[in-house]
Amino acid sequence: MSSDLRPPTSDLSSQYDHAAAQSKWYPIWQEKGYFHAEADDPRPPFTIVIPPPNVTGALHLGHALNNTLQDILCRMKRMQGFNVLWMPGTDHAGIATQAVVERRLLEEEGKSRHDLGREGLVERIWQWKEQYEKRIIGQLKQLGCSCDWDRKRFTLDDQCARAVRETFFKLFSDRKIYRGKRLVNWDTFLQTAVSDDEVFHDPVKGHFWHFKYPVIDPQKGEPKHVTIATTRPETMLGDTAVAVHPDPARQLDKVEAELKEKLAAAPAKEKDEIQAQIEALGDRRQSILPQLIQLRKMAARGVQLELPLTGRTIPLIADIWAKPELGSGCVKITPAHDENDYQVWQRNIDIGAINILNPDGTLNENAPEKYQGLTMKKGRTAVVADMEAADLLVEIEDREIDLAHSDRSKTPIEPYLADQWFVKMDELAQTAMDAVTDGQVKILPERYTKTYLDWLSEKRDWPVGRQLWWGHRIPVWLCKTQIKPDYSKNLADPQVVDPNVSLSLASETISEVKKQLSEFLRAQGIQASEYEVSLHDHSYLHICTMSDACDSALLELKRYQNGEATPQKDVRTTVQELMRSLGPIEREDDVLDTWFSSALWPHSTLGWPEETAELKKFYPTSTLITSRDIITLWVARMVLTGVYNMGEVPFSEVYIHPKILDGYGETMSKSKGNGVDPLDVIEKFGADALRFGIAYLTTETQDVRMPVEFECPHCQTLIKQTKKNRTLTRIECDKCGKPFSTQWAESHGTDDDRALPRGAVVSERFELGRNFCNKLWNASRFALMNLEGYEAAAVDDADLLLEDRWLLSRLATVTDKVTAALNSYHYADAARALYGFAWDEFCSFYVEMVKSRFAEPKQRATAQRVIAHALDTLLRLLHPMIPFLTEEVWQLLGQVAPERGLAKPQAAAESVCVAEWPEADASHIDKTIEEQFADFQKVLGAVRELRQSQNIPPKEAITFVVTCEKATADLLMPLQPYFESMARATLEDAGVTVVSSPRTASKSLSGMAVHVDISEFFDVDAERTRLEKERDQLAKFVKSLAGKLGNENFVSRAPAEVVDAQRQKLAEAEGQVASLEAALAKLGD
RNA sequence: GGGCGAUUAGCUCAGUUGGUUAGAGCACUAGCUCGACAAGCUAGGGGUCACAAGUUCGAGUCUUGUAUCGCCCA
């Protein structure tokens, strides 16, 4: 694969060309099949399933983070010899995608989904999906992700559909799927229920209307009206009761006690306010309590109220939801349109519930005729006006209301009572909790286990139906039986949803229907195993189908019912019977919640329900890397379905990574205009820089703030993104004044805006990665330039110089550190270790020191072998983070040094992708060598510092001596050439007694002192100032140490080694002070 | 309202079980084009570790409280 390479010579550019490397290597990796995993590969498997990105839109920086982290792990594991499968794919993201396509349809063509019809719209969404899936996959490839593209899946593809159907059928057969009435968050724009998780709350300015409801036939002394207050007056049309607290006096006591407790604990500035509240409560005892007690008695008597405007009467009831401490103490109850009122209804089932809304948010036939068809907003105005006209409006207060909005359409949510499909969660949730508490699934960082367990422990049933067209259609047919069961038995209240009760009670009565149905279906060639029937609400049949053939058969039945077809003779009698006992049969229109299909992702992608070789080999997967906001929605549900379908958890570890925020600490999103397209970063800095930057900032505790800038496409000036300018469609450059368009223009701009050149959004935080890549590139160039004549051979330890041993020792340490860090998801630690080693040790010292050795024929060969080996190891360690650069250099290195290694040189792998992951050679780790080298570094640093502080021009050669112990002197003297080349300084002597020139600038180090001869550059004042400053600093340190050691408590209670260490430090520091004093004395006046 | 997390240099962040004079990158200052690298090199300035109390011989690190910010859940 090296045929198309340039020769590795010095004509390589001094800037790393990331674009070229990216476009060259990715296709080759793919052709070579490095990313493809086979089930019959005997090596141990390592599997990650990608958190499938939504096909809603292109990937943003958060995805880049998520996928980079996965890729780093996959690439390392691949090098470690695992059979790595990274399963890629995308998510159909039901509601989100349909909403995007619908919005676009409306904006661009002025059409609604109803204009297109179900098939037409779904067709459009498929087109959208194709377009964005392509873009997303392109982005992942640009990023360097080593996914097995031969196995790409989509949550709505045939394979996933099979898994979904199988799972649904299994759940249905296990009686874990039921249909119930629930108050849902109704999005009137999209006309679908949205889950709680898709709702956000926004405070808006609103009002509090106080209404009077007349009491019917009040007894003497009883009030003629009951006052209630509401923020949503139009819902009164659906009221079914007014509630008063069952024990208002005790409730007031309770509230008062709580307030007093709060008062005692409250900080001074809040005390006044709480005190005022307590007093107000006291007043209420006088003003309102007697009346509430009276109302309570009236409720017990069964008093009815007149519900104004409707001609209905509603009961006054007693319920704890009424708050005697607030407002009038009474509350209207609208069970079909308020969560709390719904709960009241559950406790007082007789009051019933009245749904006054149409799916489109207008008032329906349950409202009085004059309001029907009005929107809620218009209904509100009308109701308020009519109440006022009837003299039943008491007052209007201003009030801020926390209003629920749909995350998808951004319109207000209407609570709405609707039939919904649910998955029973009690047992399923428990299995998912057990998996984590047993330690079968480990969540990292550990604190997120709490999020997971807390959510599951609520065991709330999962509403899985969505009134959408884009998704897996629920495979159920519904119809009403015409056979009336005998309800003379004492049935549970039909309003209470309990499928088990209904089922057992009514089972006898439907056996007849079931028999007819199975006869019919058998005649159509349908097996009993292909469908499952259950009874709902005593008279509704739910037929869950497992096959398309079964659906066709039922469709045929529907056609008979509609008179569109006539049954064959042989089934005619059966069909006639069936048609007598069944009402019209309809297929469920709803589709499943997207998370239903994503929940199956780890096993559905591997072929379940087929028992595939892949499933056997790669399930359970190894690890899941995802972001914390879907721990509950996705992770928990994958565990639950994994255990349910496979009998085994889907993965053993879950790593939750941080989130990328913008410079203001806000989450990035397209809708805020502060998103960053990874491609912009890749174009400007390169994929390697992006990846390294991401790894570098992926720490365990913190989310990451990333201030972002627009880059002017005309002059490359960076313009800080602010909350204000991020939603402009065009910006004029601060510097060149020319306008450019922004990403906001794509969705909100005019054609004129979009015609302008686009300003990329980038962040200077990726400069770190770019600079690092460039540094490595140049260090590699240096090595390549000097490897001419390289011959592989075993290197004898005796031939290694101090710097070689030091480098190898450090390399071994770093190898261990990086491996351990990556294995435990400490990406930043790994990145920082590599950055520090490569830049500050390999480049700044080893490369500098080895320069002179390349000029020495005798030393050249060993130096070449060591540097080739070190570079080889470094490339392998860095490859998971910066795959393109490392591959580029790996190939170049392979041309001049095809065989590498110290003890036993071996042929290098054909690609760094498949090279072996380095193992630290423990025999190379040598603390003594590292300490000795540190002495050298200190002396070199002192010389450089003195040179600068004395303003000695860099070109001037200087001489210096070092006072130190003999052993140190023996170490330093042979390093003479390095002082020469790295500080342009000659070490003339070193030892216990050395003769220094009369005029020196000195620096004292622990156990050593460096004296630079400055006869020719002498600046007494500068030197004195510097020495004094240093002495004062040290004196302070000495004082603090002496104080510490003088403290009897410290000496007696601290561990001996700590005390000893302090003593040693003190002695050293005192020595340094003395030598500084001496140097000062030598300066004279 | 409940839970989780954060607050360290102008900015973005590290700082392992408490133990040197608290680190890095960017930005800043001064000097440097020496054949790997100006996206660079050398040196330098810059911090009361949010605030308060406590535990301890010793606190950026542990405890409690306060303030501010973020996220999740109701």
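Helices (H or I, at least four residues) and strands (E, at least two) are DSSP runs, numbered from the N terminus. A residue is near a molecule or strand if one of its heavy atoms lies within 4 Å of it. This is a predicted model: local features need pLDDT of at least 70, side-chain atom pairs count only at pLDDT 80 or more, and totals for chains, interfaces and linings use all residues. Residues are numbered from 1 along each chain as its sequence is written, chains are lettered from A and ligands numbered from 1 in the order in which they are written, and side-chain values use heavy atoms, with hydrogens and water left out.

**RNA surface**

Which element gives the largest share of the surface near RNA strand B? Helix 24 does, with nine residues. Of the 51 residues around RNA strand B, Gln15, Arg460, Arg705, Arg765 and Arg1053 come nearest. By class, the surface has 17 nonpolar, twelve polar and 22 charged residues. Here Ala, Val, Leu, Ile, Met, Phe, Trp, Tyr, Cys and Pro count as nonpolar, Asp, Glu, Lys and Arg as charged, and the others, Gly among them, as polar. Sugar or phosphate accounts for 66% of the RNA strand B atoms within 4 Å of the protein; the rest belong to bases.

| Protein atom | Atom of RNA strand B | Distance |
|---|---|---|
| Thr699, polar side-chain atom | phosphate oxygen | 2.5 Å |
| Trp839, polar side-chain atom | phosphate oxygen | 2.6 Å |
| Ala779, polar backbone atom | base nitrogen | 3.2 Å |

**Helix 24**

Helix 24 (767-785) is one of the elements that give two or more residues to the surface near RNA strand B. It has 19 residues and reaches 27 Å from its first C-alpha to its last, close to the 27 Å expected at 1.5 Å a residue. The expected span is 1.5 Å times one less than the number of residues. Its buried residues include Phe772, Leu776, Ala779 and Ala783. Buried means under 20% relative accessible area, exposed over 50%, partly exposed in between (1.4 Å probe, protein chains only). The buried residues of helix 24 pack against helix 21 (687-697), helix 26, helix 27 (857-878) and helix 28 (883-896).

**Strands**

Strand 10 (residues 304-307) has alternating side chains. Strand 10 pairs with strand 11 (residues 312-318) in the antiparallel sense over four bridges. Pairing needs at least two DSSP bridges. Leu305 stands opposite Ile314 in strand 11. The two strands form a hairpin with four residues between them, and Leu309 in the turn has a positive phi of about 70°.

His1011 sits in strand 37 (residues 1008-1013). Is His1011 buried or exposed? It counts as buried because its relative accessibility is 17%. Its side chain makes a polar contact of 2.9 Å with that of Ser1002. A polar contact is a pair of N or O atoms within 3.5 Å; within protein, one must be able to donate a hydrogen and the other to accept it, and residues adjacent in sequence count only if both atoms are side-chain atoms.

**Backbone exceptions**

Most residues other than glycine have a negative phi, and most peptide bonds are trans. A cis bond joins Leu444 and Pro445, with omega about -10°. Tyr619 to Pro620 is also cis, with omega near -5°. Lys459 has a positive phi near 50° and is partly exposed at 29%. Asn951 has a positive phi of about 55° and is exposed at 60%.

Note on methods: Contact = heavy atoms within 4.5 Å.
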